[in-house]
Amino acid sequence: MPRGQLILIEGLDRSGKSTQASYLTSKLSPSKLIKFPDRTTPIGKLINEYLTNKSFALNDQSAHLLFSANRWELNEEIHSLLNQGYFIVLDRYIYSGLAYTLAKHDFQGEGVSSGGSKKQLGDIDWLLGPDKGLPKPDLTLFLTLDLQEISKRKGFGDERYEMEQFQARVKQCFLKVLPKEDNVQIVDVGGKTIEQVSEELWNLIVSKSKHIQTNNPIELI
Ligand code: NYM
Ligand code: MG
């Protein structure tokens with residue numbers, strides 16, 4: 001039996017990525033949506049505390065490693081579902097891990113970092129190290145939009161990282177870390193309705209998934 005496909009939806013905060021990821025999951029069968037961070041696991045609970053409580057003292061390196069450890073908590077489940085032929089839709093994954101930490105490297109504003117040395121945060125090899133060995137997405141769709149539009153969207157500003165100036169850096173960092181490959185697509189969602197974006201993403205999945213070699217085992221990062 002051919003294996004399933006690993007489809008990653010990445011994007012900035014409030015880009016509509018969770019809405020789109022659930023919709024795509026409902027169109028694919030059999031399928032499972034996996035969201036990172038998964039706040040229900042032991043490590044996910046710590047991450048939730050870190051994101052929602054700005055005085056929670058955790059240095060940037062530790063926070064970075066926790067986000068990766070949270071992905072490792074789901075590693076066996078991802079392999080097992082893929083081997084059973086499931087489509088897995090990921091709502092954030094390794095590129096969020098890279099982009100958000102890299103964005104902290106030389107960010108001066110308040111409410112993002114916890115102080116201390118930041119040397120490692122600018123070193124992509126160091127940042128990617130803990131994710132090495134995790135399953136590599138077959139297809140990545142990155143949702144982007146203008147910064148002014150993001151800050152107007154509902155709920156923005158509730159959690160750590162949700163500040164306009166920081167998001168601007170995160171956006172630059174995403175564009176830097178996303179591989180320039182045919183199976184990594186950047187989708188500008190600005191000014192489009194939810195339905196228009198869904199249709200665009202669906203068309204990309206249909207055209208790209210034909211080229212995914214599901215008789216070969218899943219590649220690893
Ligand atoms: N985030 C997410 C990271 O900083 N590193 C990671 O590896 C991942 C997966 O968590 N602002 C950040 C990005 C978001 C925050 O995600 C919470 P969400 O999708 O808003 O629940
Ligand atoms: Mg968020």
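A: Y161 is partly exposed because 16 other C-beta atoms lie within 10 Å. The scale here runs on C-beta atoms placed from the backbone: a residue with 20 or more others within 10 Å of its own is buried, one with 12 or fewer is exposed, and anything in between is partly exposed. Keep in mind that you are looking at a predicted model, where local features need pLDDT of at least 70, side-chain atom pairs count only at pLDDT 80 or more, and totals for chains, interfaces and linings use all residues. As for names, residues are numbered from 1 along each chain as its sequence is written, while chains are lettered from A and ligands numbered from 1 in the order in which they are written.

Back to Y161, which sits in the loop between α7 (147-152) and α8 (164-177). Helices (H or I, at least four residues) and strands (E, at least two) are DSSP runs, counted from the N terminus.

Which helix gives the most to the shell?

Two other members of the shell are worth a stop. R92 is in the loop between β3 and α5. Its phi is near 75°, again a positive value in a residue other than glycine. With 23 C-beta neighbours inside 10 Å, R92 counts as buried. P37, in turn, is in the loop between β2 and α2 (42-52), and the peptide bond joining F36 and P37 is cis, with omega about 0°. There's another cis bond from S29 to P30, with omega near -10°; P30 is in the loop between α1 (17-27) and β2.

So much for the loops; now for the strands they connect to. Five strands make an open sheet in the order β2-β3-β1-β4-β5, with parallel pairing. Strands count as paired if DSSP finds at least two bridges between them. At the edges are β2 (31-35) and β5 (184-188), each pairing on one side only. On average, neighbouring strands are turned by 20° against each other, direction ignored.

Five bridges tie β2 to β3 (residues 87-91), the two running parallel, and K32 has I88 as its bridge partner in β3. Beyond its neighbours within four places in sequence, I34 is in contact with L74, I78, I88 and L90, where contact means C-beta atoms, placed from the backbone, within 7 Å. The C-alpha atoms of I34 and Y93 are 9.5 Å apart, although 59 residues separate the two along the chain.

Helix α4 (residues 75-83) lies across β1 (6-11), β2 and β3, at about 145° to β3. That angle, on a scale from 0 to 180 degrees, is between N-to-C directions of lines fitted to C-alpha atoms, for helices over the stretch in contact.

And β1 itself? Six of its six residues are buried, so the strand is largely enclosed by the rest of the structure. In a regular strand the side chains alternate between the two faces of the sheet. In β1, L6, L8 and E10 point one way and I7, I9 and G11 the other. On one flank, β1 pairs with β3 over four parallel bridges, with L8 partnered by L90. β1 also pairs with β4 (residues 139-144), over five parallel bridges, and there G11 stands opposite L143.

Methods
Two residues are in contact if their C-beta atoms, placed from the backbone, lie within 7 Å.
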